[in-house]
Amino acid sequence: MHDEPGLPGGDDLLDLDGEVLAARWAEALDRVAALAAEPVGSRATSHARVVDLGAGTGTGAIGLAVRLPDAEVVAVDVAEQSLARVAAKAQAAGVADRVRTLVADLDDGWPDLAPVDLTWASMSLHHLADPVRSLAELRAITSPRGLVAVSEFDEPVRFLPDDLGIGRPGFEDRAVAALGSVHAEAVPHIGAPWATLLTEAGWTVVDQHEVVIDERSPGHPLAGRYARAWFDRLAHGLEGRLDADDEQTLAALLDDDGPHALLRRDDLHLHGIRTLTVARA
Ligand SMILES: C[S@@+](CC[C@H](N)C(=O)[O-])C[C@H]1O[C@@H](n2cnc3c(N)ncnc32)[C@H](O)[C@@H]1O
């Protein structure tokens, strides 16, 4: 289920997410790397095989390769063009000898990657047709006491104040509500209770942590570009679902030369929560 109308997933958007929220990613990846570095049976996990499930452009894969200097990292994704960015980033980070990419549709079952010691799954499990089945299959190829770390969100991140100086107040609330109805039809596992699903799939949850996103513009130089990439994607996903007034507001936000352009605003507030759930096989 990788057709994802209205969802983040464009490669530029993923890269901007990785850059603008670098400190939040570091918080989550440090936590997972610390858990993974604890001795697991006879294998030291730092020498282990790490999988990035639905790696996208590789923020997780590269972050874990850097943090676990002896690990081999396999970035798995159905989208070949995203994995090309992972390979380029691995070169740039000096970890290309330990990071490889693998094109696979996980809805067709897991490639033979056993034994896996650590899997990182960020914003990807909700795209799968049957996440519990995929998590159970993953557990079967995971080494005894190996880990899976799931980073997911209940709601999309928010960027805008209530009053934008254009259109009716509450534009973003209405856009997010419209997106929710698109998701309910197309991506039903968004906001699933991941700890419960992991348990159903046979895993034992060992850690849960809320990564709180709270960045105010103009704090980060790319925040406006990130907001623009997000609303551009939203505009495609919501086609025909907003009323005429909100359509106009959205167009004004995306008009880079106009007075309300996202790229020029100094009132952006990027906020939301991603929940990190770590489980043992
Ligand atoms: C929202 S992106 C997240 C990417 C990355 N993990 C991150 O956090 O930046 C979801 C990723 O899951 C991948 N994906 C969706 N369905 C998939 C499937 N059936 N098999 C493999 N990858 C899939 C998409 O191609 C996309 O790269």
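Predicted model: local features only at pLDDT ≥ 70, side-chain atom pairs only at ≥ 80, totals over all residues.
Helix α8 comprises 15 residues, 223-237. The buried residues of α8 are A223, G224, Y226, A227, A229, W230, F231, L234 and G237. In an α-helix, residues three or four places apart point the same way, because each turn takes 3.6 residues.

Five aromatic pairs were found in a search of the whole structure. Among them is the pair of F159 and Y226, which is edge-to-face, with 5.4 Å from centre to centre and 75° between the planes. This pair links distant parts of the chain, since F159 lies in the loop between β5 (142-153) and α6, whereas Y226 belongs to helix α8, 67 residues apart. Both F159 and Y226 are buried. Ring pairs join F159, F171, Y226, W230 and F231 into a cluster.

The second largest pocket has a volume of about 160 Å³. Its lining consists of D15, G18, E19, A22, W25, G58, T59, I62 and K89. Two or more of these residues come from each of α1, α2 (22-37) and α3 (59-67); α1 gives the most, with three residues. By class, the lining of this pocket holds three nonpolar, three polar and three charged residues.

Note on methods. Residues numbered from 1 in each chain as written. Heavy atoms only, no water. Helix = DSSP H or I, 4+ residues; strand = E, 2+ residues; numbered from the N terminus. Expected span 1.5 Å × (residues − 1). Buried < 20%, exposed > 50% of the residue type's maximum accessible area, 1.4 Å probe, protein only. 1 Å grid on protein atoms, 1.4 Å probe; cavity = no way out; pocket = protein on both sides within 12 Å on 5 of 7 lines; lining within 4 Å. Points joined across faces, edges and corners; volume = space filled by probe spheres on them. Nonpolar A, V, L, I, M, F, W, Y, C, P; charged D, E, K, R; others polar. Phe/Tyr/Trp six-rings, centres within 6.5 Å; stacked < 30°, edge-to-face > 60°.
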